[in-house]
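Visitor: I would like to learn how to read charged pairs and a chain interface in a model. Where do we start?

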Amino acid sequence: MNLVLRIWRQASAEVEGRFEDYPVSGISTDYSFLEVLDRINEDLVSQNQEPVAYEMDCREGICGSCSLMINGTPHGPRPATTTCQLYMRHFHDGQTITVEPWLSRATPVIKDLVVDRSALDRIMQSAGYISVHTGEAPDANTIPVSKSRADKAFVAASCIGCGACIAACPNASAMLFVAAKVTHLSLLPQGEPERSHRVRAMVVAMDREGFGNCSNHYECAKACPKSIPVSLIARLNREFQHAGLLGHEYGGPIHHAAHEE
Amino acid sequence: MKRLLYLLSTTIGRKLIVALTGIVLILFVVGHISGNLTIYIGQSALNNYAHFLQTSPMLWVMRLSMLAIVMLHVALGVAVTQENSLARPESCHAGQSWYLHVYQRRMIISGLVLLAFIAVHVAHLTLGAGIGEVFRLKDASGHVDVYSRVVTTFQNAWIAWAYIAAMMFLAIHLKHTVRAVFQTLGFSRESYFEFLEFLSWMVTLAVVGGFISIPLSVQLGWLALL
């Protein structure tokens, strides 16, 4: 198939970007979207031109590196699909495809299609973990977890942190990402001790990075390559309200009188 | 207290306040339309209802609390919207049409239209601006004749249609809020989503349908001065 890719080119964060058209021919319908970009880059390199910068790593839909806005949709038109797992059979011959970076204030462009997603890392560093002593792995089933809880936690844990939710959101909100990360730990016994601290710290970190607010458009879940449901955002709201109103981090120490003669 | 102030300093806390004040406002419009529908029972029913409200010892408590709640709702709504436009400075993606952009901004647009409507509505029907002599009419039992105020006002086609247009913005606002309130308050059962969507439509159609029916009935001559 023959295609035209209209790609956002921007040499660095300091200069203005613009769209440029790249015609490409002889594309197999079995090419992945990234392989088309590779073809364009091979041509550009052979002509001594600057190749298009884009991010990728595993190419099997699990690492969360690929991040392209394809025809206005993060990861392109297919549901539950990352860019690397999007195949050209879902496009038609002669089509012009617009490719943009995932822009928001909290994820600025570094170059061409590459944006700085370290804001997501900083949210994770704030509290997106459990504090345990490392050592040998415990025996299986020493900590009981119900099947339904494990399933729910797994749905949340399948978030690959790509940031498609932020790119899809009209407010560039990171609520779905934070909701997934908070939920998967708060549902499991290992995450319970730091539960209220975690949600508070991650929401504060999210606010600090300059992401927007959820205003219930639910574009995030439609764009999510792992189909994280928007009900997790409601759960994040509940976790946060619970931590804010009842969490033991606030309100000082418990009154506990010592023995006096 | 420290906890509450802390909640307010976060984005989720601010939206929680918008949602909680929104619930009061939803209950207010539901109560408002229930009262308005007494106009179909007759002149004395509406006037008696209005008399009951105006002589209530809670009148000013209610008025001032509603004013405070509306102001809080609007102030935080505007603040949240500003934060959101800051977070996404590039307003349009390729392939994103202008009407999608307007649609995504529908809450702030309809909200500000409704704020203007409330100001005009209170000035007009409660304070009597632009109504003239009808404002001072009393009915047979000596109550303020709200019925005649309403019918005289809606006999003006411009006012009737402007009112209907404003109610369309109420419909846009209300349709979004009923389900969103549950989400923001943390009610997350997915099996309820369809029911909440249905509830959103029902509340919107019932409330807005009720409000619109009155100017339409006056315009069609079904409600007239007695």
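**Salt bridges and an interface**

Guide: Start with a network: salt bridges link Glu192(A), Arg195(A) and Glu239(A). Keep in mind that this is a predicted model.

Visitor: How far apart are the closest N and O atoms of Glu239(A) and Arg195(A)?

Guide: The general idea is a cut-off: a side-chain nitrogen of Lys or Arg within 4 Å of a carboxyl oxygen of Asp or Glu. Here the closest N and O atoms of Glu239(A) and Arg195(A) are 2.6 Å apart, and the pair forms a salt bridge. Glu239(A) sits in helix H8 (residues 231-246) of chain A and Arg195(A) in helix H6 (residues 195-208) of chain A, so the pair ties together parts 44 residues apart in sequence.

Visitor: Is Glu239(A) buried or exposed?

Guide: Read the relative accessible area: under 20% is buried, over 50% is exposed, and partly exposed lies in between. Glu239(A) has 9% relative accessibility, so it counts as buried.

Visitor: Which parts of chain A does the salt bridge of Asp21(A) and Arg6(A) tie together?

Guide: For any such pair, look at the elements that hold the two ends. The side chains of Asp21(A) and Arg6(A) meet in a salt bridge, 2.9 Å from N to O. Asp21(A) belongs to strand S2 (residues 18-24) of chain A and Arg6(A) to strand S1 (residues 3-9) of chain A, so this bridge ties together parts that are 15 residues apart in sequence. Asp21(A) is partly exposed at 41% relative accessible area. Arg6(A) is partly exposed as well, at 33%.

Visitor: What separates Lys147(A) and Asp151(A) in helix H3 of chain A?

Guide: Count along the helix. Lys147(A) and Asp151(A) are four residues apart in helix H3 (residues 147-157) of chain A, so about one helical turn separates them. They form a salt bridge, with the closest N and O atoms 2.8 Å apart. Lys147(A) is exposed, with a relative accessible area of 60%. Asp151(A) is partly exposed, at 37%.

Visitor: How many salt bridges does a search of the whole structure find?

Guide: Over all chains, the search finds 15.

Visitor: And how many cross the interface of chain B and chain A?

Guide: The rule finds zero salt bridges there. Polar contacts are another matter: 17 residue pairs across the interface of chain B and chain A are in polar contact, both residues at pLDDT 80 or more. On the side of chain B that touches chain A, the elements giving two or more residues are helix H1 (2-8), helix H2 (11-36), helix H4 (59-87) and helix H8 (157-184) of chain B. The residues of that side divide into 14 nonpolar, eleven polar and ten charged.

Visitor: How much area do chain B and chain A bury between them?

Guide: About 3,500 Å², with 50% of it on carbon and sulfur atoms. Arg3(B), Ile12(B) and Arg88(B) supply 20% of the area that chain B buries against chain A, more than any other three residues. The contact takes 35 residues from chain B and 48 residues from chain A.

Visitor: Now a single residue. Where is the place of Tyr49(B)?

Guide: Take the element, then the accessibility, then the contacts. Tyr49(B) is in helix H3 (residues 43-54) of chain B. At 24% relative accessibility, Tyr49(B) counts as partly exposed. Leaving aside neighbours within four places in sequence, Tyr49(B) touches Gly31(B), Gly35(B), Asn36(B) and Thr38(B).

Technical notes: Residues are numbered from 1 along each chain as its sequence is written. Chains are lettered from A and ligands numbered from 1 in the order in which they are written. This is a predicted model: local features need pLDDT of at least 70, side-chain atom pairs count only at pLDDT 80 or more; totals for chains, interfaces and linings use all residues. Side-chain values use heavy atoms; hydrogens and water are left out. Buried means under 20% relative accessible area, exposed over 50%, partly exposed in between (1.4 Å probe, protein chains only). Contact means heavy atoms within 4.5 Å. Buried area is the accessible area (1.4 Å probe) that two parts lose on being put together, summed over both. A polar contact is a pair of N or O atoms within 3.5 Å; within protein, one must be able to donate a hydrogen and the other to accept it, and residues adjacent in sequence count only if both atoms are side-chain atoms. Ala, Val, Leu, Ile, Met, Phe, Trp, Tyr, Cys and Pro count as nonpolar, Asp, Glu, Lys and Arg as charged, and the others, Gly among them, as polar.
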